[in-house]
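Dear colleague,

I am passing on a structure that you have not seen before, and my notes on it follow below. Please read them with the structure open beside you.

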Amino acid sequence: MKAELAKMFKKDQELQDWDVKRLSDNKYIDSMETEMSRVVRANCETIKKYYKECGYPGLKENGRDACVRFWLVVQHSDHDVVFQEKMLKALKRQLKKGNALVRNYAYLYDRVMKNKGKKQIYGTQLGRRTGEEKMHPFPELKFPDKVDELRKEMGLGGLKEYVDSFEN
């Protein structure tokens, strides 16, 4: 499982790195989106089998790399929100045992909320409003006045610094 997760993670990350010089080429964009969709769906099916056989991989049993790689595949499986939500619950169980990374929970929680059209808590999911260049939490925050406090609890830095990191 660990070797397969490493391969899936590597391919996923390669597909995240688009050639910015070709972003005006619709054929390039279509081919990248098609390939990303194919890879994400295949990866999701593979980890569903792993989960069914072994459960959600904990840090103690599987190590940090395997846990992060498994989580990333779930995080990018936006086509299957029901599965993401199921994995969020499984991740929370591992978290209660001290057997998961809190930051991964924060990111997946916000991702599930985004995919369900609900407000996020930690501000990990960013987007741009139509006509705006600046990134911001999208969808909006449930507790905007407490977001930095909530992020800190999850091992995340301040929201402004996070948003600014996407502007460079």
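**Aromatic rings**

In this predicted model, W71, Y107, Y162 and F166 are joined into a cluster by ring pairs. Rings of Phe, Tyr and Trp (for Trp, its six-membered ring) pair if their centres lie within 6.5 Å, and the planes then decide the type: under 30 degrees apart they count as stacked, over 60 as edge-to-face, and the rest as tilted.

Before going further, a word on conventions. Residues are numbered from 1 along each chain as its sequence is written, and side-chain values use heavy atoms, with hydrogens and water left out. Because this is a predicted model, local features need pLDDT of at least 70 and side-chain atom pairs count only at pLDDT 80 or more, while totals for chains, interfaces and linings use all residues.

The structure holds 7 aromatic pairs. One of them brings together W18 and Y28, whose ring centres are 6.0 Å apart and whose planes stand at 80°, so this pair is edge-to-face. Since W18 lies in the loop between α1 and α2 while Y28 belongs to helix α2, the pair ties together parts that are 10 residues apart in sequence. W18 is partly exposed, with a relative accessible area of 26%, whereas Y28 is buried, at 7%; here buried means under 20% relative accessible area, exposed over 50%, and partly exposed in between, with a 1.4 Å probe and protein chains only.

The rings of Y107 and Y162 form another edge-to-face pair, with their centres 6.2 Å apart and their planes at 75°. This pair links distant parts of the chain, as Y107 sits in helix α5 (residues 102-115) and Y162 in helix α7 (residues 159-164), 55 residues apart. Both Y107 and Y162 are buried.

Two lysines also meet aromatic rings. The charged end of K48 sits over the ring of F83, 5.4 Å from its centre, and that of K146 sits over the ring of F143, 5.5 Å from its centre. The term requires NZ of Lys or CZ of Arg to be within 6 Å of the ring centre and within 35 degrees of the ring normal.

**The chain as a whole**

The secondary structure comes to 7 helices and 2 strands, and along the sequence these follow the pattern α-α-α-α-α-β-β-α-α. Helices (H or I, at least four residues) and strands (E, at least two) are DSSP runs, numbered from the N terminus. The radius of gyration of the chain is 17 Å, close to the 15 Å that the globule rule gives for 168 residues, so the chain is as compact as a globular protein of that length; the radius is taken over C-alpha atoms, and the rule is 2.2 Å times the number of residues to the power 0.38. The C-alpha atoms fill a box of roughly 45 × 40 × 25 Å along the principal axes, and buried residues make up 42% of the 168 residues. Of the contacts with a separation of 6 or more, 55% are between residues 24 or more positions apart, where contact means heavy atoms within 4.5 Å.

Helix α1 (residues 2-16) has 15 residues and reaches 21 Å from its first C-alpha to its last, close to the 21 Å expected at 1.5 Å a residue; the expected span is 1.5 Å times one less than the number of residues. Its residues L5, M8, D12 and L15 are buried. They cover an arc of only 95° around the axis, which puts them on the same side of α1, the arc being that of the directions from the helix axis to the C-beta atoms. The face turned away from this buried side carries the exposed residues A3, K7 and K10. Among what covers the buried residues of α1 are α2 (26-54) and α3 (59-75).

N43, in helix α2, is buried, with a relative accessible area of 8%, and touches M8 and V73, not counting residues up to four places away in sequence. Q13, in helix α1, is partly exposed at 33% relative accessibility and, leaving aside neighbours within four places, is in contact with L72 and H76.

In helix α4 (residues 81-96), the buried residues include F83, M87 and L91, and their cover includes α2, α3 and α5. Just after α4, G98 takes a positive phi of about 70°.
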